[in-house]
Structures are given as structure tokens and as C-alpha cells.
Amino acid sequence: MLFLLLSLLAVLPGGGNADGLKEPVSFRVILISSFYNHSWKRNLVSGCLGDLQTHTLDRNCSTIIFLWPWSRGNFSNEEWKELEMLFHGRCVRFLEGMHRYSRKLQFEYPFEIQVTGGCELHSGKFSGSFLRIAYQGSDFVSFQNNSWLASPVAGNMAKRLCKVFNQNQHENDITRSLLSDTCPRFILGLLDAGKAHLQRQVKPEAWLSRGLSPGPGHLQLVCHVSGFYPKPVWVTWMRGEQDQQGTQRGNILPNADGTWYLRATLEVATGEAAGLSCRVKHSSLEGQDIILYWEHRSSMGLIILAVIVPLLLLIGLALWFRKCCFR
């Protein structure tokens, strides 16, 4: 039953090439099954190439949803239809099996099972595979060297499950082949089909703002960087050419269009903000870093204020003059 997630890999074609592929890249299938009671459960399945989600499955485990035009790789429509049928059957058996064995494994409702499996390439060559199962968010069992091993912290439940799995060596051989042979070939095919999308360069946009006040006499300076692709980016606050060690970088978060967003903050005394700048380095900029100066932002605010205030005064004076003179 736990070979459900591997059915996606079982029928994937080989092909493609890895020209120019230098950094490690992985493909993984993620399965999250939530069992609320004997009759109510929820299944979420997704496939990811690196950080990019490429596939998902509907709630009935019957239809594979392609999130990008190239997510089909080298598959024909007929091959994907066969895969959907196979995946649906494995999904149903998985849910039934977990309900059936939950008492023997001492799983108490509600409980959640997370499964992740896939492989990694480095410089276009297979560099490793992984298949792990977690129970309630904690490591439970994993597939290593052609057999299942219990996590040291999982206890006797995991050992009993491994004993059952390892009784079928034929299935273990198939699992090893899928992870170490079929999966790497699938990554190459997917990279080839999605080359134009995956190798695109999108320049970031950057702007500055004030964050929540950290206390009297202090400022939180915020540098926002958004809309960039690929994901690797370097953002920091600087004074001249000196990096500011107090720079705090948040997590790189996805935008709806597949690009990324990041913010970097720095807390300083109010009188020390002048002379600071935010620098952004990204491959799409081709060495032309984005540099935003805090004092320029402050000066611009003063300029706007200097224009708006007199304008408002003139408007007010005109209205008063009109009221007085045309009674």
C-alpha cells in the first residue's frame, strides 16, 4: 500500500538531457493522508521539481492535474490515462489498508501519515534517492539499501511495519529500481520539456519601507524584493561597502505567478539610518545590482511633502478668497 506514491514513477519515460545542469535538482512525490475516523479521510498528493510544484491529484485520487504545460514531460495522453487508472487503484488500496492495519499498528484516530519519495541529480547524474514515511509528523520508517528500516525513535510499531514490508523482497527490488533508475530518467525528461520555463530569468523589483517600530528612538528599515526568478537571491543592508550584520532575512516566499518574494529588515537608531542602503544581487541583473538608499527615500518624502503642503495652502487660500469676495 505504501508503494502508492511510487506508481507515479513506475510508468514515467526516460529521455531528455542535462546539458548545462550543474546544481542539484530533485523530483519528489508528497502524499499526506489524514484519517479522522473509520469513514472520514482526506488525501493530498503533489509532485514537485525542486521547489516548484508540477503535479497534483484531485480529492478522489482519480485525475492527475498538470500545473504547467510542460508537466506532461514526454508522456502521451494514453500513457497519462493509464497512469491515472493505476494511481487511483493504488490510492484506494492505500486508504483501505491504513484503516485495516491502524489497530495492529496502534494508530489512534485522528492520525496523519506523510510520505515523500523521489531522487536527486547532480551535474546530470544520479546522486541519491529517498523514500520516507512519517506518522503524526515524526519519522517512522524509510527505505534504504533495498530494505525498510524503522526510525530509532519510532518504537515497536515501526519495526512491525518494516517486518511486513521486508517479507516481500520482490516489491523491494521494484522500489529500488524505480528510485534509482526510473526517477532520474524522468527528471531529465521533465527538465527537457520545461527548459524554456525553468531557465527563464525574471528581474526583481525592490522598494523600501518602515516596519513596526522596535522601540523609542529606533527604526525598522524594510527592503522588499519581489517578482524574481530563479529563486537564489542575495539581499542585505549596507553602509558604504560594509554589510550590516544585523540584517534579518525572511523566508523566500512564492508569488502566484511562480516568481519569489523576500524581505530583509534592519533595526537602527533613528539618527543612524542616513547612509544605509539595500543591495540586491540576482542572476537576472547580470551584475548590475539594485541599490536603494534610505536617505534618497527620505529626501523624496520631504520633496513630496514640500510640494503638497504649499499646494494645499494655495487651494485653501483660493477657496477663502472666493468665499469672501463673491458674497
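**Exercise 1. Classify glutamate 84 by its accessibility and describe its salt bridge.**

Step 1. Glutamate 84 has a relative accessibility of 12%, and therefore it counts as buried. The classes are as follows: buried means under 20% relative accessible area, exposed over 50%, and partly exposed in between, with a 1.4 Å probe and protein chains only.

The model is predicted: local features need pLDDT of at least 70, side-chain atom pairs count only at pLDDT 80 or more, and totals for chains, interfaces and linings use all residues. Residues are numbered from 1 along each chain as its sequence is written, and side-chain values use heavy atoms, with hydrogens and water left out.

Step 2. The partner of glutamate 84 is lysine 81, with 4.0 Å between the closest N and O atoms. A salt bridge is a side-chain nitrogen of Lys or Arg within 4 Å of a carboxyl oxygen of Asp or Glu.

Step 3. Both residues belong to helix H2 and are three residues apart, about one turn of the helix. Helices (H or I, at least four residues) and strands (E, at least two) are DSSP runs, numbered from the N terminus.

Step 4. Lysine 81 counts as exposed because its relative accessibility is 55%.

**Exercise 2. Describe the salt bridges of arginine 185 and lysine 195, and state how many salt bridges the whole structure holds.**

Step 1. Arginine 185 pairs with aspartate 181, and their closest N and O atoms are 2.3 Å apart. These two residues are four residues apart in helix H4, so about one helical turn separates them.

Step 2. Arginine 185 is partly exposed, at a relative accessible area of 32%; aspartate 181 is partly exposed too, at 35%.

Step 3. Lysine 195 forms a salt bridge with aspartate 192, where the closest N and O atoms are 3.9 Å apart. Lysine 195 has a relative accessible area of 34% and is partly exposed. Aspartate 192, at 31% relative accessibility, also counts as partly exposed.

Step 4. A search of the whole structure finds seven salt bridges.

**Exercise 3. Find the disulfides and state which parts of the chain they link.**

Step 1. A disulfide is a covalent bond between the sulfur atoms of two cysteines. Here the criterion is a pair of cysteine sulfur atoms within 2.5 Å, and the search of the whole structure finds two disulfides.

Step 2. In one of them, the sulfur atoms of cysteine 119 and cysteine 183 are 2.0 Å apart. The angle about the S-S bond is -90°, and the link is left-handed. The pair links distant parts of the chain, 64 residues apart: cysteine 119 is in strand E5 (residues 111–122) and cysteine 183 in helix H4. Both cysteine 119 and cysteine 183 are buried.

Step 3. A disulfide also joins cysteine 223 to cysteine 278, with an S to S distance of 2.0 Å. This link is left-handed, with -80° about the S-S bond. Cysteine 223 lies in strand E10 (residues 218–228) and cysteine 278 in strand E16 (residues 276–281), so the pair ties together parts that are 55 residues apart in sequence.

Step 4. Cysteine 223 is buried, with a relative accessible area of 0%, and cysteine 278 counts as buried at 1% relative accessibility.

**Exercise 4. Determine the strand order of the eight-stranded open sheet and identify the helix that packs on the sheet.**

Step 1. The order is E4-E3-E2-E1-E5-E6-E7-E8, with antiparallel pairing. Two strands pair if DSSP finds at least two bridges between them.

Step 2. Strand E4 (64–66) and E8 are the edge strands, each pairing on one side only. From one strand to the next, the twist averages 20°.

Step 3. Helix H2 (residues 77–101) packs on the sheet and touches E1, E2, E3, E4 and E5; its direction makes about 45° with that of E1. Contact means heavy atoms within 4.5 Å. Axes are lines fitted to C-alpha atoms, for helices over the stretch in contact, and angles run from 0 to 180 degrees between N-to-C directions.
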